[in-house]
Amino acid sequence: MFGKRSSNSTVGGSRGPVAPVPPSRPAEDGDALLAPERPEPSAAVVTTGIDGFAKSSPGPMQPAAAPAPRAPMARSESYYDTKSQVFSALIDTIDLSQLAKLDADSAREEIRDIVNDIIAIKNFAMSISEQEELLEDICNDVLGFGPLEPLLARDEIADIMVNGARKVYIEVDGKVEQTNVRFRDNQQLLNICQRIVSQVGRRVDESSPICDARLPDGSRVNVIAPPLAIDGASLTIRKFKKDKLTLDQLVRYGAISPEGAEVLKIMGRVRCNIVISGGTGSGKTTLLNCLTNYIDRDERIITCEDSAELQLQQPHVVRLETRPPNLEGEGEVTMRDLVRNCLRMRPERIIVGEVRGPEVFDLLQAMNTGHDGSMGTIHANSPRECLNRMESMVAMGGFSLPQKTVREIIVGSVDVIIQAARLRDGSRRITHITEVVGMEGDVVITQDLVLYDMTGEDPAGRIHGQHISTGIGRPAFWDRARYYGEETRLAAALEAMEKAAS
């Protein structure tokens, strides 16, 4: 059915014509190559091994044979040489335009059939397990993200870092380790990068070598290609868990105490303006996702992000994403443009995925003009540094405002700063829940509600500590909680927090 499998073809000549499998959905050109889907598990398929005996092998993407994704084992040069030969023969045999018309299940099955024929005709000496690995690798190369697929399937991986074709690192439990995964060459790596960014309408090549994109599940992707990356393209993926974390799960992981989590839930419910501060990889976006779970479902929410990562569960959500300039340097849409436009879209809450520049001024203005409950994240190492960074970012926008005026705007806009940190053992903790109270002279006054106190570490290097209450019985947002009828719940949470600390 693929057009090139004629009588003069060296592969598949003995097979009869294959009846087309009707696609289960309309497929667009390049659908199977540029927008791969992860199909649902299907029934087992009986195939014939190279030894001539029938064997049962998993069907397309069948998880029963591999209940948990395992780390790829180190492979020899001969394996990659064999794979290269089989892949070249497959490309000569298959008609990609016909393949693109099939759904992902049927396309994967066709590729497996042809590869089995190639292995049999060329008489490669391979065990059944090696043949299955080769089949899966080639299917991933054609339909998915190649060698990255096993890593993307592992939910415990937080980051994937590709430094050229031969070096792939991952972060698991806060620790970075090297894997045995490798690409055939730098060209294959660049092809995978192009496939990823093309899904969101972007491109990466020599003329546009830096690109931000995202995977279908919202995972953040950054690509920097040659000639800027000297040793081959560099690909970084910040993965999101398939099961989105909740505050209750963060409590189980020790990121926050149960009493502190209750206070955070109330803050989200009563529309406090919240800024989440933290360093790279400290869990700011995850925490922001958790807090949005406590927004009422009847509120209109607008999110602004560089690459759309937030996945809110409310029904009335508008998601906006920035756009980089084209090759002529035109058409750029900045974060500030999005935040400004938000104000004309009748939002009830504005959520900025990450505040990096002068858009902080527009966000502060929104917080101070009736859009209570707005949220954002900022890179900073402490609540006090977060306030200083907001001042600096306002200055970056060219606003010639007195320092005291800027601080008054910040105090009138931000209610709470939540500080997240990744500790040296790789664990993530909420270290401060801090209120912005007011000003005395030119100084912004803050008060801590919850602090994380490190008490030591065990022989394995894991840090121990506890979240303690600072003893404030009536926080600054008490009147807001009473307005929403949450004062009893807040009082109970604060009392429980003090008892837990004592």
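Biologist: In strand 12, which residue is the bridge partner of Cys 304?

Modeller: Strands of a sheet pair through backbone hydrogen bonds, either parallel or antiparallel. In this predicted model, Cys 304 has Val 352 of strand 12 as its bridge partner. The pairing joins strand 10 (residues 301-305) to strand 12 (residues 349-352) in the parallel sense, over 4 bridges.

Biologist: What is the order of the strands in the open sheet?

Modeller: The order is 11-10-12-13-9-14-15-16-17, which makes 9 strands with mixed pairing. Strand 11 (317-321) and strand 17 (463-469) have a single partner strand each and stand at the edges, so one side of each lacks a neighbour in the sheet. On average, neighbouring strands are turned by 25° against each other, direction ignored.

Biologist: Which strands does helix 9 lie across?

Modeller: Helix 9 (residues 258-269) lies across strand 9 (274-278), strand 12, strand 14 (416-422), strand 15 (428-440) and strand 16 (443-457). Its angle to strand 15 is about 50°.

Biologist: And at what angle does helix 10 run to strand 9?

Modeller: Helix 10 (residues 284-292) runs at about 155° to strand 9. The strands that helix 10 lies across also include strand 12, strand 13 (375-379), strand 14 and strand 15.

Biologist: How many helices and strands does the protein chain have?

Modeller: The protein chain has 16 helices and 17 strands. Of its 502 residues, 48% count as buried. Among contacts between residues at least 6 apart in sequence, 58% join residues at least 24 apart.

Key: Residues are numbered from 1 along each chain as its sequence is written. This is a predicted model: local features need pLDDT of at least 70, side-chain atom pairs count only at pLDDT 80 or more; totals for chains, interfaces and linings use all residues. Side-chain values use heavy atoms; hydrogens and water are left out. Helices (H or I, at least four residues) and strands (E, at least two) are DSSP runs, numbered from the N terminus. Buried means under 20% relative accessible area, exposed over 50%, partly exposed in between (1.4 Å probe, protein chains only). Contact means heavy atoms within 4.5 Å. Two strands pair if DSSP finds at least two bridges between them. Axes are lines fitted to C-alpha atoms, for helices over the stretch in contact, and angles run from 0 to 180 degrees between N-to-C directions.
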